[in-house]
Amino acid sequence: MSQNIETLLIENRQFEPSDIFKKLANVTSIDLDKDRLEFWAEQAKKLHWFKPFETVLEWNRPYAKWFQEGQLNAAYNCLDVHLVTHRKDKKALIWEGEFGDVRTFTYEELHQEVCRLATYLQNELGVKKGDRVTLYMPMIPELVIGVLACARIGAIHSVVFGGFSASSLRDRLQDSKSEVVLTASAGTRRGKPLPINDVVEEAVSQHDTHVKHIVVVDTLKLEGNFSSHQAEPMMSEDPLFILYTSGTTGKPKGIVHTTGGYLTHAKYSTHAVFDLKDSDVYWCTADVGWITGHTYLIYGPLSNGATCMMFEGTPDYPEQDRFWDVIEKHKVSIFYTAPTAIRSFMKWGDELPARHDLSSLRLLGSVGEPINPEAWIWYYEQIGKNRCPIVDTWWQTETGGIMITTLPGIHLMRPGHAGLPLPGITASVLMPDGTPVTQGGGLLSLMEPWPSMLRGIWGDNKRYEEVYWKTFSTYFAGDGATIDADGYYMILGRVDDVLNVAGHRIGTMEVESSLVDFQGVSEAAVVGMPDDIKGQAIIAFVTLKDGYLGNVALEKEMISHVSKMIGAIAKPKRIIFTPDLPKTRSGKIMRRLLKDVVEGKPIGDVTTLGNPDVMTLIQERFLS
Ligand code: PRX
């Protein structure tokens, strides 16, 4: 598994935050002697609990219970707590649409909207605590309102990214057995309408889901004052949400997060890593359909009383300087985005950010995939103007919040290195046999339970135990990493059959299953090819049944079939037709050899193949 782990670092410079940043930072020192559980209990107590907890952690590997006797409500902690402070009239959300239209909500206004929808869901539709509600929406304020309304009444939200197809949405509706779907009349993308509601209709058209109600949230006219709505007291371990993510099988996993632990870490990490202050305008560019949008667009910033920017559009519409325009217009001070976006900005040229006043910025963040040192330096110089610390944050859907990064007021930054485990988090790089590596490469593991860890896979404990807890006695993250003499981690990427395309996780098996589903396809194998912008691009190798001819027209049809089955994010860049795939004598497809082909490396050991000759042909077809 770890044979390909190698270091490609070429940037040795280190960067230090300015003295003034260090002086004013939210976290200026770390108490290394502090007991870990005591530390987390202290963070948890910063939330508003209806009933206090007694036990910090109960750990029956691999099942954790944090703050178990405590009762709280996540939406209450994001909204109500601020209404009795100066933040009542502070902007909670500044939303900008594709066409430049702006809507803002103060904490009081957002609270009112959330209470209205919560009351409607409860009284009109009969949604109860523990029911699942799926949200399939564009990036409009109603999505945030929908998420918080669910949390307020104790319904478990399952947000499905608006770019997923009807068939992906149907799978997720079936798995979660959601009876209610929140959607919107229409979104827009690059000036064109996005038929979001039609996708929902298509997803439920075959009557094989449990959906009883489809609520078009943006056109729902809810009148009246509902601000006396009572937030449901939730046990700390009651589920807050399910979020589906790709794994190594064809079926996405519904990652389950609970209330108290998740919110403790969301609030703490936003405060510590983004150094959030009351005066900040904070912008996380992630879609709410991904974990980053959950934790760092909604729960983390709002529980800290931040002003959050939310943007519906794309970075290149109407022009490639749109993000810089948004930053200048709204005086964004903290900006959190993905390396794939940064690499696109680099390609589009330095003149575009230079046209804008970016002096409001004071901290930059990166997430989703390794940021190459060249992109890091560009981000630091062209966007941060050598003033703004960069936090390169490593984490996953499963970890719920940031695990490894630098604290901006304390640590030196090393381009390409995520940094160190956050206080309260213990990590290690392990050899395949579980021995810790003191310096060098191996497999990344989190060594002790943490509050925002996943509590399981929805309806599938066996898979949870197998995927995360069989490799080592500790949590296996699925990533390769190196650790150096100072304890800095560099994340090298996935070591399993999961691809990372433009910061999105895509399972090779999911793409393969959708290809095999296409008429005439006999077998398919998918691998990731290095891509300058997206990090990885999907290359599919396909064998056809007798009587079918692989040509450009068929390749196009198959690519659009994958897009229809999964969503545009899973589209293969190329399909290579081949009479056979490399297989061992027992019939196992050797993806590793296909990876060598797309990476332009010498082909590895073919002696175990039953059909070694096929590799030359595959290589020729790939290069042609
Ligand atoms: O491979 C790692 C990569 O993204 C994976 C998690 O994907 P997902 O659950 O979709 O969550 C993405 C947003 C948190 C990880 O296993 N990854 C995420 N952040 C980084 C990263 N790789 C390197 N550096 C990062 N900062």
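## A loop residue with positive phi

Arg190 sits in the loop that connects strand E9 (187-189) to strand E10 (192-194); helices (H or I, at least four residues) and strands (E, at least two) are DSSP runs numbered from the N terminus. Its phi is near 50°, a positive value in a residue other than glycine. Arg190 is partly exposed, with a relative accessible area of 42%. On this scale buried means under 20% relative accessible area, exposed over 50%, and partly exposed in between, with a 1.4 Å probe and protein chains only.

His207 also has a positive phi, near 55°, and is a residue other than glycine. His207 is found in the loop between helix H8 (196-204) and strand E11 (213-216). With a relative accessibility of 71%, His207 counts as exposed.

## Basis of the model

This is a predicted model, in which local features need pLDDT of at least 70 and side-chain atom pairs count only at pLDDT 80 or more, while totals for chains, interfaces and linings use all residues. Residues are numbered from 1 along each chain as its sequence is written, and side-chain values use heavy atoms, with hydrogens and water left out.

## Overall form

The protein contains 19 helices and 31 strands. Its radius of gyration is 24 Å, close to the 25 Å that the globule rule gives for 624 residues, so the protein is as compact as a globular protein of that length. The radius is taken over C-alpha atoms, and the globule rule is 2.2 Å times the number of residues to the power 0.38. Along the principal axes, the C-alpha atoms fill a box of roughly 75 × 60 × 55 Å.

Of the 624 residues, 60% count as buried. Among contacts (heavy atoms within 4.5 Å) with a separation of 6 or more, 72% are between residues 24 or more positions apart.

## Surface and charge

## Cysteines

With a disulfide taken as a pair of cysteine sulfur atoms within 2.5 Å, the count comes to zero. Cys115 is in no disulfide, and the nearest cysteine sulfur, that of Cys78, is 13 Å away. Cys115 is buried, with a relative accessible area of 0%.

Cys284 is likewise in no disulfide; the nearest cysteine sulfur belongs to Cys308, 8.9 Å away. Cys284 is buried, at a relative accessible area of 2%.

## Cis peptide bonds

Arg61 and Pro62 are joined by a cis peptide bond, with omega about 0°. Pro62 lies in the loop between strand E1 (57-60) and strand E2 (63-66).

A cis bond also runs from Tyr317 to Pro318, where omega is near 0°. Pro318 is placed in the loop between strand E16 (307-311) and helix H11 (322-330).

## A buried histidine in a helix

His561 belongs to helix H17 (residues 552-565). At 16% relative accessibility, His561 counts as buried. Leaving aside neighbours within four places in sequence, His561 is in contact with Ser514, Asp517 and Phe518.
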